[in-house]
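Please keep the sequence and the coordinates at hand while reading.

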Amino acid sequence: MKVISILNQKGGVAKTTSAQNISFGLKKLGKKVLLIDFDPQGNLTSGVGIDKRGLENTIYDLMKDRAFGLQNLGLDDIMVNKEGVDVLPTNIRMSKVNLELGGVPGRENLLKEILKEVYGYDYVIIDCPPSLDNLTFNALIASQKVYIPVQTEFYALEGIVELMDTIDLITQRMNEELEIGGVFATMVDGRIKLHNEVIEQLKEFFGERMFNTKIRRNVKVTEASSYGVSIFDYASRSNGAKDYLGLCKEILKREES
Ligand SMILES: Nc1ncnc2c1ncn2[C@@H]1O[C@H](COP(=O)(O)OP(=O)(O)O)[C@@H](O)[C@H]1O
Ligand SMILES: [Mg+2]
């Protein structure tokens, strides 16, 4: 079982969209996937078609349960199956994490502990919040790999150093297994010179870790999430579907060779 965090502390770079479509793409390629919404905004939860306001329990309730040594909740109480992908949803109540779990010892290890109860999956994909805080630490400590989506805009590389420093810190102190598994460009328009320049800069900076597949800007990708389905279920012939499937094939090549 490989645990992969999709992380970039910038908002709006396609973390959530990628977490969703990578998960459904891997499922399409025959893999068993668990998808975790770890951002209190709950965009992924909505994106896969779950009503986040109506949720009785979320991944956060499970973390709290374990933090206080209770065993009142199980994974089955929270998990929702969506078109063959198991999802652990969340909602805005998770934003109380620092307030409610701030003083709990081992609060950075809660997700890792929970994932010890999980079996039978090939991949666990975690959609991280746009921040480098306790929730993100939980995700990174539970993961073997970080994948970084980068939007090819003018400030794309800003913040990357800070992100690398955080990953280094986790690697040195808390999870020596953790690696940057790959970096991919999102919302690319090949006609825009700047986008191609940023991709070249990323290749220079990340070398081999840069995925060859670029995710092009494609309105179908946004539409799919707004209808609560993946790009494969919404527009299977779109560029969005082609790109995410290409990325998933590249992921399997890297992770399974
Ligand atoms: N390939 C794409 N083409 C067009 N729009 C996209 C694409 N990928 C993501 N988006 C849109 O960009 C916005 C930000 O994406 P999102 O996944 O929510 O980013 P993040 O999770 O990093 O904040 C959303 O409205 C999403 O639908
Ligand atoms: Mg998001």
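Is Tyr 155 buried or exposed? Tyr 155 is exposed, because its relative accessible area is 51%, just as a value over 50% is required for that class. The model is a predicted one, and the values below are computed from it.

## Overall fold

The secondary structure of the protein chain consists of 11 helices and 7 strands. The radius of gyration is 17 Å, which agrees with the value near 18 Å that a compact globule of 257 residues would have, and along the principal axes the C-alpha atoms occupy a box of roughly 55 × 40 × 35 Å. Of the contacts between residues at least 6 apart in sequence, 79% join residues that are at least 24 apart.

## Helix H3 and its cover

Helix H3, which spans residues 59-67, is mostly covered, with 8 of its 9 residues buried; among the buried residues are Ile 59, Leu 62 and Met 63, but also the charged side chains of Asp 61, Asp 65 and Arg 66. The cover over the buried residues of H3 includes the strands S2 (33-37) and S4 (85-88), together with the helices H4 (97-101), H5 (110-115) and H6 (134-142). After H3 comes Gly 69, which has a positive phi near 70°.

## Val 87 in strand S4

Val 87 belongs to strand S4 and counts as buried, because its relative accessibility is 0%. Beyond its neighbours within four places in sequence, Val 87 is in contact with residues including Leu 34, Leu 35, Val 48, Ile 50 and Lys 82. The C-alpha atom of Val 87 is separated by 34 Å from that of Phe 154, which lies 67 residues away along the chain.

## Aromatic rings

The count of aromatic pairs comes to 5.

Phe 205 is partly exposed, at a relative accessible area of 41%, whereas Phe 206 is buried, at 3%. Elsewhere, ring pairs link Tyr 147, Phe 184 and Phe 211 into a cluster.

Technical notes: Residues are numbered from 1 along each chain as its sequence is written. Chains are lettered from A and ligands numbered from 1 in the order in which they are written. This is a predicted model: local features need pLDDT of at least 70, side-chain atom pairs count only at pLDDT 80 or more; totals for chains, interfaces and linings use all residues. Side-chain values use heavy atoms; hydrogens and water are left out. Helices (H or I, at least four residues) and strands (E, at least two) are DSSP runs, numbered from the N terminus. The radius of gyration is taken over C-alpha atoms; the globule rule is 2.2 Å times the number of residues to the power 0.38. Contact means heavy atoms within 4.5 Å. Buried means under 20% relative accessible area, exposed over 50%, partly exposed in between (1.4 Å probe, protein chains only). Rings of Phe, Tyr and Trp (its six-membered ring) pair if their centres lie within 6.5 Å; planes under 30 degrees apart count as stacked, over 60 as edge-to-face and the rest as tilted.
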